[in-house]
Amino acid sequence: MSTIVMRAYRFALDLTPSQVRDLERHAGAARFAYNWALAAVEGEPGSRPPKSPTASPLMIGPRLWGGTCRRCAARGNQAKGEVAPWWTECSKEAFNTGLDGVAGALRNFGDSRTGKRAGRKVGFPRFKSRRRATPSVRFTTGVIRVEGDRRHVTLPRIGTIKTHESTRKLARRIEQGSARILSATVRREAGRWWCSFTCEVQHTERAPTRPDVVVGVDLGITHLAVLSSPVPGVSDDDGFVPNPRHWIGRNVTCGACRGGWSRRVGPDRRTGQRPSKRWEKANRQRNTIHHRVTNLRRDGLHKLTTGLATTIGTVVIEDLNVAGMLHNRKLARHVADASFAEIRRQLRYKMCWSGGRLVVADRWFPSSKTCSACGAVKPKLSLSARVFRCEHCGLVIDRDRNAAINLKYQVAQSGWETINGRGGRPETKPGLAGGCEASTPHRLAPGRTGTDRR
């Protein structure tokens with residue numbers, strides 16, 4: 001069975017000095033269009049809603065922002081010859097990138113104020129600074145292709161660009177007719193330009209190698225993940241996945257760079273002071289370390305989630321309150337380095353691609369306090385207790401391993417499941433979720449009380 005999915009392919013670019021100037025010009029045009037459209041929106045009567053929490057939702061609904069953005073776009077086409085006499089030097093996609101950015105920011109702001117958007121409150125859009133904004137431009141029309149030599153890509157008005165790595169992963173699919181490029185986004189990160197292709201890919205679902213196996217996954221800091229049963233190629237023989245601690249291991253090196261960076265003369269927005277050359281050099285060194293840590297962490301998480309998705313039929317994880325964990329100043333750095341939310345995000349779509357099922361346990365399910373042998377629940381269990389000892393049956397087991405086993409047997413075999421996430425669907429029986437993420441309702445056995453505070 002094959003389905004159409006959206007995938008992104010990202011390649012590093014090797015640009016000539018003239019191509020760098022062209023991309024910077026396009027990114028600057030996108031930023032100029034963004035700031036111009038935002039200024040026009042702020043000039044509209046009633047564009048900024050009152051700060052009172054009882055403000056009418058009609059004043060901040062998508063209808064107002066949609067009409068305002070359309071009027072700004074039409075006004076921009078009429079005034080572009082005056083406000084931007086150099087607009088012919090750039091592709092029209094550069095200006096569309098800025099206008100789309102304003103429309104998306106205002107839509108997120110309106111949905112957040114009216115309660116349609118979950119998560120933290122989104123503020124009113126702000127202007128982009130030339131020195132602080134990340135240069136980026138998106139192309140949706142024109143000549144966008146991957147060359148046959150698998151070493152070059154072609155973009156509108158930019159021409160053919162050499163890539164730093166081979167594009168064979170995307171080129172093969174295009175040659176086979178199983179992929180179609182929709183857009184290309186060029187962005188500068190850590191001193192290097194990257195090109196990301198958004199594609200429609202014909203994906204053939206493959207069954208996991210062990211479709212009938214259910215594995216509970218308990219995420220932690222001591223070990224990145226503890227599995228209820230070992231998975232070859234993913235964990236060791238005991239089911240433990242070590243935590244590489246990429247950021248903690250390089251914190252000393254980054255601290256030395258950060259010390260030199262803080263002693264240099266940096267920029268000051270209040271006085272308009274420009275940074276010194278030595279500050280910019282120290283800042284590049286610091287950003288290089290951060291970028292290296294990000295790449296190492298991303299590579300490790302992809303290997304972990306891909307191994308689980310291609311091997312296990314049903315994976316059970318917890319709905320962790322990561323935002324609340326980050327408020328603990330003693331553990332915030334370790335929690336952020338482990339990237340619990342990123343593991344869940346990757347498992348969500350990879351399990352769908354592989355034909356498996358992802359089950360998300362209720363946030364208040366006492367997985368660590370429950371004995372995996374007799375089912376007794378402890379009223380309290382401190383975070384420092386790394387070994388679980390049951391007073392009823394005498395079981396002695398690792399705390400995280402006990403939680404993983406509870407997730408496997410007491411959650412995956414529940415009778416009913418509900419699709420979790422924004423805009424969830426009504427309850428459905430197991431097996432009807434069709435590979436989508438599922439969440440089990442919280443069910444405690446008679447006599448069990450308390451919550452799982454780990």
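Which residue in β10 is the bridge partner of Val 226? Hold that thought for a moment, some housekeeping comes first. What you're looking at is a predicted model, where local features need pLDDT of at least 70 and side-chain atom pairs count only at pLDDT 80 or more, while totals for chains, interfaces and linings use all residues. Residues are numbered from 1 along each chain as its sequence is written, and side-chain values use heavy atoms, with hydrogens and water left out.

Okay, back to the strands. The answer is Phe 240: that's the partner of Val 226 in β10. Strands pair if DSSP finds at least two bridges between them. Strand β9 covers residues 223-227, and it's largely enclosed by the rest of the structure, because four of its five residues are buried. By buried I mean under 20% relative accessible area; exposed is over 50%, and partly exposed is in between, with a 1.4 Å probe and protein chains only.

On one side, β9 is joined by three bridges to β8, residues 210-219, and the two run antiparallel. They make a hairpin with three residues between the strands, and Asp 218 has Val 226 as its bridge partner. Then β9 also has three bridges to β10, residues 240-242, antiparallel again.

Next, the rings. Phe, Tyr and Trp rings (the six-membered one for Trp) pair if their centres lie within 6.5 Å; planes under 30 degrees apart are stacked, over 60 edge-to-face, and the rest tilted. That rule gives five aromatic pairs. Take Phe 32 and Trp 86: the centres are 5.4 Å apart and the planes sit at 70°, so that's edge-to-face. This pair links distant parts of the chain, with Phe 32 in helix α1 and Trp 86 in the loop between α2 (62-83) and α3 (92-114), 54 residues apart. Trp 86 also pairs with Phe 95, this time stacked, at 6.2 Å centre to centre and 25° between the planes. So what do you get from ring pairs among Phe 32, Trp 86 and Phe 95? A cluster.

The charged end of Arg 7 sits over the Trp 353 ring, 4.1 Å from its centre, and Lys 128 lies over the face of Tyr 34 at 4.5 Å.

Two more residues and I'm done. Gln 19 is in helix α1, residues 17-43, and is buried at 12%. A polar atom of the Gln 19 side chain lies 2.9 Å from the backbone oxygen of Thr 160.

Last one, Arg 187, in strand β6, residues 179-189. Is Arg 187 buried or partly exposed? Partly exposed, at 35% relative accessibility. The Arg 187 side chain makes a polar contact (N or O atoms within 3.5 Å, within protein one able to donate a hydrogen and the other to accept it, and sequence-adjacent residues counting only if both atoms are side-chain atoms) with the side chain of Glu 189, at 2.8 Å. And Arg 187 and Pro 135 are 52 residues apart in sequence, yet 5.9 Å apart C-alpha to C-alpha.

How values were computed. Lys NZ or Arg CZ within 6 Å of the ring centre and 35° of its normal.
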